[in-house]
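Hi,

Here is the structure I promised to pass on.

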Amino acid sequence: MSAHCHSSTPPAFPPRKGNEFLPGASHWPADLSRREFLQLMGASLALAGLAGCGRPSSEKIVPYVRPPEMTPSPDAAWYATAMPWQGYARGVLAKSIHGRPIKLEGNPDHPESLGATDAITQAAILSLYDPDRSPAPLRDAQVSSWEIFEREWLVRHSDLAARKGAGFALLTEPTTSPTLLREIHALLDAWPEARWFQHTALPRYDRDGTQDDFDFSAPDIILSLGADSFYQHPAALRHIRAFASRRRSENNALRLNHVFALEPTLSLTGNQADLRLGLTPARIGVVLNALSRALEGDDLDSATAALSEIERRLVRECSALLRENSRSALCVVGPELPGEFHAWADAFNARFARDAAKKKPALRSDGDQRASGGLGALIEEIEAGRVSNLCILGANPAYTAPAGLDVAGALRRVAFPVHLGEYVDETARECAWHLPEAHFLETWSDLRAYSGTATVLQPLVEPRHAGRSAAEFIHTLRTGESRSAYDLVRETWRAGNDSDFETRWHGWLDRGVIDAVSAPRTRTPSPTATATASFPRFPGEMAPRGVTVLFRASANLHDGRWANNAWLQELPQPFTALVWENAALIDAGLAARLSLKNGDVISLETSDARLEAPVWILPGQAPETITLPLGYGRTHGGGVANARGFSAYILLGGSNPWQRDDVRVRRIGKSATLVCTQGHFTMEGRDLARSLTASEFAKAKREEDPAVTLFPAWAREGYAWGMSIDLGTCFGCNACVIACQAENNIPVVGREQVARGREMHWIRIDRYFDGDPAAPRVLHQPIPCMHCENAPCEVVCPVGATVHTSEGVNDMVYNRCIGTRYCSNNCPYKVRRFNFLDYRAPEGSPVYLQSNPDVTVRERGVMEKCTYCTQRINAARITAEKENRRIRDGELRTACQQVCPTEAIVFGDLNDPSSHVTQRKQERSSYRLLGELNTRPRTTYLAKIVPDSAGESPRAQESFA
Amino acid sequence: MEPADNRDPFRRPLFTARATHAVRLALVGLVLVTTTAGVSVYHYYHSPYWSRVGLAPDQPVLFSHRHHAGELRIDCRFCHTSVETSASAGMPSTQTCLTCHSQLFHDAPMLAPVMASAEKNRPLAWSRVNTLPDHVHFNHSIHVAKGIACASCHGEVADMALTAKARALSMRECIACHRDPAPQQVAAGDVFSAHPARPDAAARLRLPALHARPLTNCSTCHH
């Protein structure tokens, strides 16, 4: 195959040579001296000897007294519910075994899931069992109870009722929950003098009462302006699924779209562009001015006179494509960018988008008429002395408030501040009362998806602690009485005298979506721009004022609410591969000017705040900019969250909260160690993650089957499992990594262990910077076990602990493994993971409740790796054999395949010529990773295919480091 | 040959004859002791004592399979409801006992723990008779579907007054059948029978077949 990769060999970034394991990988843990070790060894040997002699002890079986209403199969019960994601619903199917929820999967019937989920949704199950969740109501940090709170509230309640709620304020996060909003509105109706404020740490998706609704499958051209429509957006899963349908070859046919991106910092969406420029927002305006002129018919040369070579190329290519009348185009804008960009995009979409861009009434309560404003308005109200009772629901303003808003000080001025939340967090500590909130898998609720579809959230378990839902809490505040969330939700959806309600209710619970009465009754907004409107112009670029600092939600922790989730902390961040902390992402030019290298600490100062942060040089970052990921640096987030990285919220502020130009940046001479799981940036001239232009693809021939081998061939009877991973649609969202972790009981090892190269993820996403250094792109490549037919690991194991099965899967037998690590040394793909220490959670930890009972929990000294989800293969085989048939294609999906929003991973039987995976492997872009080693991997890849124009990029041999 | 000159230090044996004998004896002893220890340990781990075969653990209720399954001929699936659908056979809820015992013998002292469980809504805690290590994943439903009778592993439960473990359930036993399951298969109607009949050659042809034969792959049971 004439595939070739666009890699470059940077002189400035020497490849890691010599030691295969990172320095320190074979060292003892720092806090274990040799003497202590010998003592422990002696003790464990003695105990092992004693334990070995004893007979296995007898266990107890505890059946039900009365079996539940519908006795589900003891193997697994599935419930359709939804996860709250930025106030919107993301439909999930939750798997419960013996009453323990253990895994979330996407709900195929839900429009914002379509069967897929993302990394955060996958990790949400761990938070259910978080030992740091708030265990009980606290009164002035002393353990109390709901009953005492209710008694105390009754006194205030009668007082407030008499004053029509004067002095009462409610602070919530914006939500789409019809029941919660109904309760809030009922409270405001009962107490007209009460005030309701909303606070969200992150940008809103509504403007002027409308929200955008995009179809990414229709347009031939997509222009992204700082948008992260594929990862951070509430409809991200739907967007990327539609987009991916245009980025893959099917039966060797292509329907590629063209994607351009202008963005200040690398996003998973912008990285999908064929031509992506890292520019400051002001510079993006300049380029758009040129594009506007080109589209309005001006001469291209004069329109682009002020632009650089590569900017001119973007305007030229983009306008040329747009002038072809048959094409439709879509422009998407990040919510962090100021309004003029949105106005430009509206004009663009009115002209080119046809039906791909629609405006719909905003669903989330950001713009609710009854609300009195945001956090700033609340603090003004408090400082004016008009708030005596404040109830904070879910939000954590003490952590997420921008600079200049003294939340802690304001809360001290409130006589009776109450906090309802899942954690005793920064805000809870400033309140007189903290009350535990129920997790979304513990209570009844309802939410709307971004598309408007409503879902009833149903509980899988009783609240672990005394948690209550937000709607229950507001009901208690309003009436002084408690009512179950179940009744409240049903009351919302019971339309009058509905005799058929029970049937419909059960139907909704069954499918996970409420169809009939779904659409909220609001008028459709009128279009703001017409097809003939001219493009608004941006002010020219100001004289450079210094460094631009940008604030963005972190990919893993979002606004910080997931900071106590160890899976997400240990998940390598999409472009940096950093774990357990954030870093100031800095442009290489700026870093060179300040003589900074990775890990050097800078000081960021404004008139009212100062922050110290280590830097990480990120290719593709706009010149003279620094991006600060939000969500880290918690002080009271829990044992996992606290003191990881820095909190950038303290620098937020100003007219445009997501960008600041008045920050003084200087080097302070200190340096910090950042932990990164992939220290090399490029492919070092090798052919690992391949990409092809459309014309190269047209000329490509299918890769030949490998040469002869000395090993005897395996018999191909029964099933032959294999996998194909499409690099054209994998966009590096990491969902598969966490899905695998949740499915296969993969432990978390901690920052220090990752620094020694001991991370345990069975599937990792390698990322390679590639292409023109002025407009680099990142190729993401998921690497699970390749399940080689000539597996190098199998022949070196002295104890037969890794063996080939008759179905071609490379089995790992934990009980045979004695920990020589020969297999890992001989694996060219480095997918084997070794339990250097006992990484299991401490005995008695609630996180064991999340464990998948179908997968053995591994102990110290044992090698492990991807098994192709052999427990799922077995389950599917058992189902099929019981019905006396073969496993059907598509019936069996691995955890990584099931979660993938773009369907980039396909798994199945290679002996079945019609199976999806066999079809995928017939594509001309299919290739084997390190095929020259003749390992004959069962996991193969499809090269990324990009449109021809993007192939013009000069492949300069410059450094990315 | 010249007699050895005992005074010549280079000709004199290094050790006395007694010491040499003692060492020889010790070497023989060592071999004997090691062999005996090895054989003993082997037999200990394969003895019914270690595997608890034949042992009926104490139970909260003196439940008799002989009475219920043998004399009354209640089907296994009446209590072990999920044996055909799921990995675990399922243990009867207190409610299941009360199907009959709310009417029959409800005030018998033997049934007092059952009545107490129903009254106080506190489950009975049975002692496990048959157990497998955590790294073994056994599925009842597929074995039953492929014609492996309950009695193959659990023995003649219908004859047991107190339920005892019938077989060691060691990997050796599992793998012997997984290598060649056909001799163990019985006709579908006989799976739950107390004394399943061995099918003859003609009947064997009608037994459920396997679509693949991966039964000796490690991952069939270990994952």
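How far apart do the C-alpha centres of domain 2 of chain B and domain 3 of chain B lie? They lie 27 Å apart. Please keep in mind that this is a predicted model.

For orientation, chain B is divided into domain 1 (1-45), domain 2 (53-74 + 82-89 + 129-220) and domain 3 (92-125).

Next, the place where the chains meet. Chain A puts 38 residues into the contact, and chain B puts in 45 residues. On the chain A side, the elements giving two or more residues are β1 (60-61) and α23 (870-882). The most comes from α23(A), with six residues. Sorted by class, that side of chain A has 15 nonpolar, twelve polar and eleven charged residues.

There is also some strand pairing across the two chains. β1(A) is joined by two bridges to strand β1 of chain B (residues 126-127), and the two run antiparallel.

Now for the insides. In soluble globular proteins, nonpolar side chains tend to be buried together. Here the largest nonpolar core has 268 residues, and L225(A), I586(A), V615(A) and C736(A) touch the most other members. Leaving aside residues up to four places away in sequence, C736(A) touches I763(A), P782(A), C896(A), V899(A), C900(A) and I905(A). Another core lies apart from the largest one: it has eleven residues, including A69(B), C76(B), C150(B) and A151(B).

Cheers

Notes
Residues numbered from 1 in each chain as written. Chains lettered and ligands numbered in written order. Predicted model: local features only at pLDDT ≥ 70, side-chain atom pairs only at ≥ 80, totals over all residues. Contact = placed C-beta atoms within 7 Å. Helix = DSSP H or I, 4+ residues; strand = E, 2+ residues; numbered from the N terminus. Nonpolar A, V, L, I, M, F, W, Y, C, P; charged D, E, K, R; others polar. Pairing = 2+ DSSP bridges. Core = buried A, V, L, I, M, F, W, Y, C linked by C-beta atoms within 7 Å. Buried ≥ 20, exposed ≤ 12 C-beta atoms within 10 Å, placed from the backbone. Domains from an automatic or database assignment.
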